[in-house]
Amino acid sequence: MNSLARILRSASALWPFYLGVVLVSTVAAALGLVSPFILREATDTIVGTLRGDTTVAEVTTTLLMLAVGLLLADLANTAMTNLGGYIGDVMAMRMRQILSTRYYAKLLALPQRYFDNQVTGTVIARLDRSITSITQFLQSFSNSFFPMLIQVAAVLVITTWYYWPLTILLALLFPIYMWLTTLTSKRWQKLEGQKNEQIDLANGRFAEVIGQVKVVKSFVSEVRELDDFGSRYGRTVDITRPQSRWWHTMDTARGAALNLIFFAIYLLLFFRTLNGFFSLGDMVMLIQLVNMAKQPVFMMSWIVDAAQRAIAGSRDYFKVMEEEFEPTANTQLIAATQASGVPELDATPVQPLAPVAGEPVIDFEHVTFSYLPGEPVIRDVDFDVARGETIALVGESGGGKSTLVNLLLGLYPIDEGRLRVCGRDITELSAAELRASVGVVFQEASLFSGTIAENIAYGRPGATGDEIREVARRANAHDFIERFPKGYDTIIGERGLRLSGGQKQRVAVARAMLKDAPVLLLDEATSALDTRSERAVQAGLDELMKNRTTVIIAHRLSTIAGVDKIITLREGVVDEIGSPDQLAASGGIYAELLQLTASSSAADRARLRRYGLVIDGEDNTVEHE
């Protein structure tokens, strides 16, 4: 239970709810104890009348008042129980809000390496299962079980006053039950972990398949995916059989032990009453009190089951929360993961850096980087890019071009060397400062569900409609947007599914324009488009590149012929640096590629494709690095 206590401590902003649950539960428990005492008085009064001690007329008013008292106590108990339920419901949902926000903030602050090894659906499934199990347990405990525990404590005090051996028998219920539960718990949790693993894998794959359902359908893989999904849940059934058999076998043992104790309690009450130590009213009252203690004991089977699910869920939750932050993560994200409640956030966009006069805007100084230890992808990369200069990166697929883009975005820390952007060492910048200064258009546009206007304004949420339309015109996107019935308010669906590839890229170009960062990265921004769409997008890119420092990973030599400088990479090492004219005559990679474009042989065209290049007029069949 330490992990659950840790959850409660970490959400200390909910202390008014904790206090409310305790106070209301205490009052509700006290009101619940009134009924047995009223019933005792009513029973003894009726028995006395039947024995002839009093007349019916004499006790009628008394019994009526006792009945009214019983009604008022029950009504008050009902009201307090529901008030406690309301407080518990709101507390549980606030807890869910805090834990979910904290989990989300943590994921946003984790380094890219974490996501390289994760399946998106699994991350989502883990969030849902972990936090749901925690909040459901908290809700059930505060609404039902906690008030019962307070009642049990009061019952033990009352039974001690009447007959202390009765208290001992009642008190024995809890340690015996918890001891038998402890014997059950370790094996149960191990099997529960195995079930959760299968569920996470199944749900992770489910999210992938739904996200790429067109691919699944095109390869006629629906039945295979369904079979794999069903098989994983089938394994959870196989695990559940021994898990449930073990649990219920032990629960039978627990129930039998408790039944024996209650057997002894009832015998004790019956014979004490028979021998005159208790009145009949006392016996009725004590039986009711014993039953009040009996209910939470038998409910413990369910509450312990819920607690174990919550404990297992909290372990998954804390496993993510204990991951190392991205070194340059936004301080607001870090604070949000540590806040006791939901923090106030300042979502004002971070302003881009201004280039330092006389300094290169991009400066790689002997940079080495590896995704896996001991396997460098780039080695001793050394070049700079002046303000307003456009450079192109050329090299075989897997040679490190996209890796340089990843480093400029601060997605990974470099192993050796130094990288400066706008005259500042990236180790001195926060991730927000660096990324606000770098605009990027990827091969895949990666739009969000929502309207076209919302997607264009993603980097500047406060942008006016006129500003959005202006960049759309410059990106060659305005005309097709206006042809939609709702124009800029058109809902484009998840990942922009209602738009064509060329339309999505032009929206992405407009989005980068509105961001207005001094550095621009074009990572094969038109390689997935047909020739007609590419021309439309390229017109927008040409407009976007004006007055910016631009790094291009291109898929056609014709698109980089007009750049200021070409940098060729061979197996992660800079091979040549120079203007297109200089490298055309150097005999290196670029000169070789120019010769290959003039060849019609299949072998030469295949070699071009290894560099991520195609010949003008060919279909784009490039693979992204």
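## Annotated segments

The unreviewed UniProt entry places the feature "transmembrane region" at residues 12-39, 59-87, 137-156, 162-180 and 253-271. UniProt positions follow the numbering used here, feature names are shortened, and annotations may be inferred rather than shown by experiment.

Among these segments, residues 59-87 are 100% helix and 0% strand, with end C-alpha atoms 42 Å apart. Residues 137-156 are also 100% helix and 0% strand, and their end C-alpha atoms lie 26 Å apart.

## Basis of the model

This is a predicted model, in which local features need pLDDT of at least 70 and side-chain atom pairs count only at pLDDT 80 or more, while totals for chains, interfaces and linings use all residues. Residues are numbered from 1 along each chain as its sequence is written, and side-chain values use heavy atoms, with hydrogens and water left out.

## Overall form

The protein has 20 helices and 10 strands (DSSP runs numbered from the N terminus: H or I of at least four residues for helices, E of at least two for strands). Its radius of gyration is 36 Å, well over the 25 Å that the globule rule gives for 625 residues, so the protein is more spread out than a compact globule. The radius is taken over C-alpha atoms, and the rule is 2.2 Å times the number of residues to the power 0.38. Along the principal axes, the C-alpha atoms fill a box of roughly 125 × 50 × 45 Å.

## Burial and contacts

Of the 625 residues, 48% count as buried (under 20% relative accessible area, 1.4 Å probe, protein chains only). Among contacts with a separation of 6 or more, 77% join residues 24 or more positions apart; contact means heavy atoms within 4.5 Å.

Methods
Buried means under 20% relative accessible area, exposed over 50%, partly exposed in between (1.4 Å probe, protein chains only).
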